[in-house]
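Please look through the sequence and the model shown below. The paragraphs after them go through a few parts in turn.

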Amino acid sequence: MTLNQLRYFQTLANTEHFRRAADMLYISQPSLSKAIAQLESELGCVLFEKSGRNVRLSEAGRMFLPYVDQALSRIDQGVEVLRNFSGENERFSIGCISPALIPYLAPMIKAYQDTLQKELRCRTEIGMSEDLLRDLLAGQHDVVFCSYVKNAKKVQFTKVCEFPFHVVVQKNSPFASKKRIRPEELDGCPMLFTCSSAYSQMIHEMLDYYHVHTVTAGLSNDEVGLLGMVEAGLGVFITTDYSQVHSENTVLVPLEQEHFTRAIYMAVRKDQILSPHVQGLVDFVRSGCADCC
């Protein structure tokens with residue numbers, strides 16, 4: 001039994017027509033017929049039955065097809081992994097939370113490209129930390145830049161940067177004229193939170209530290225949505241200073257405290273063998289960064 005015979009069987013099963021299958025496989029119809037006959041002889045059963053000018057899977061063929069589909073799919077995945085590992089495929093995927101994209105990730109990629117003297121072919125997807133880590137574990141991202149998530153045991157985190165907190169307030173709010181806002185001044189103030197449990201937990205820990213009573217006025221799955229709520233006068237939210245949280249109707253005021261910052265981490269799977277171009281990026285980031293496992 002050969003790999004070609006299995007691919008021929010799969011294609012014929014999907015087309016149910018010898019000539020169309022042969023055309024798709026770029027072989028002659030007699031060559032396809034011979035390969036299928038050899039496969040049937042080796043297996044000791046008939047895989048196809050005639051149906052007019054077409055063919056259809058026999059009962060044995062229907063039983064066999066799911067196993068062939070699964071086997072060929074795994075082989076194709078393995079080939080892709082090796083191509084990525086060898087560097088034949090240079091494209092890779094990065095997941096990133098919004099606050100890290102402009103102030104950290106974009107300049108970092110540019111600096112890494114400068115060291116390589118070539119452009120990186122990477123796709124960047126923005127999302128919440130928990131969603132990005134789920135996709136990382138599913139193999140949809142090669143590396144993720146996000147908040148630290150305590151229960152992500154299969155992920156290795158490296159702290160890469162920290163940013164001070166700001167409070168986003170409506171332009172006509174009494175807070176808007178302040179140069180600084182102390183955490184205690186937010187006591188009892190309607191507040192808006194992201195749906196990301198990792199980031200919300202960080203904010204709640206900070207507010208609890210300063211004995212600030214929080215009143216949750218709204219939730220959103222991204223901070224751009226929270227910005228719209230601030231503009232509508234629903235409350236304020238705590239974030240870092242980056243372009244997506246600026247608008248004509250809001251003001252960012254620094255939060256005056258010394259004990260908490262927003263830390264951004266690089267995350268990779270502990271069991272993942274990285275391709276050379278991804279490993280190079282990870283090593284570049286880790287140079288000078290503290291490892292946090």
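At 28% relative accessibility, E125 is partly exposed, a class lying between buried, under 20% relative accessible area, and exposed, over 50% (1.4 Å probe, protein chains only). R123 is also in the partly exposed class, at 40%. The side chains of E125 and R123 form a salt bridge with an N to O distance of 3.3 Å; the term stands for a side-chain nitrogen of Lys or Arg within 4 Å of a carboxyl oxygen of Asp or Glu. The model is predicted: local features need pLDDT of at least 70 and side-chain atom pairs count only at pLDDT 80 or more, whereas totals for chains, interfaces and linings use all residues. Residues are numbered from 1 along each chain as its sequence is written, and side-chain values use heavy atoms, with hydrogens and water left out.

The count of salt bridges comes to 13. One of them links the side chains of K110 and D114, at 3.0 Å from N to O. Both residues belong to helix α5 (residues 98-116), where they are four residues apart, about one turn of the helix. Helices (H or I, at least four residues) and strands (E, at least two) are DSSP runs, numbered from the N terminus. K110 has a relative accessible area of 46% and is partly exposed; D114 is partly exposed, with a value of 46%.

Another salt bridge joins E184 to R182, with 3.5 Å between the closest N and O atoms. Through shared partners, salt bridges connect K178, R182, E184 and E185 in one network. E184 is partly exposed at 40% relative accessibility, and R182 is partly exposed at 42%.

The next part is a set of paired strands. Strand β3 covers residues 92-96, and five of its five residues are buried. From β3, the residues F92, I94 and C96 point one way, while S93 and G95 point the other way. β3 pairs with strand β4 (residues 122-126) in the parallel sense over five bridges, where pairing requires that DSSP finds at least two bridges between two strands. In this pairing F92 is opposite C122 of β4. Together, β3, α5 and β4 make a right-handed β-α-β unit: with the strands pointing away from the viewer, the path from the first strand over the helix to the second runs clockwise.

β3 also pairs with β5, again in the parallel sense, over three bridges. Here C96 is opposite F145 in β5. Strand β5 (residues 143-146) includes C146, which is buried at 0% relative accessibility. Which residues does C146 contact, leaving aside its neighbours within four places in sequence? They are I97, S129, L133, F157, A263, I264, Y265 and A267, contact being heavy atoms within 4.5 Å. C146 and A37 are 109 residues apart in sequence, and their C-alpha atoms are 55 Å apart in space.

Elsewhere, three strands make an open sheet in the order β10-β7-β11, with antiparallel pairing. β10 (237-239) and β11 (250-254) are at the edges and have a single partner strand each, so one side of each is left without a neighbour in the sheet. Strands of a sheet pair through backbone hydrogen bonds, either parallel or antiparallel. Strand β7 (residues 166-170) is joined to β11 by five bridges, and the two run antiparallel. Within this pair, V169 is opposite V251 of β11.
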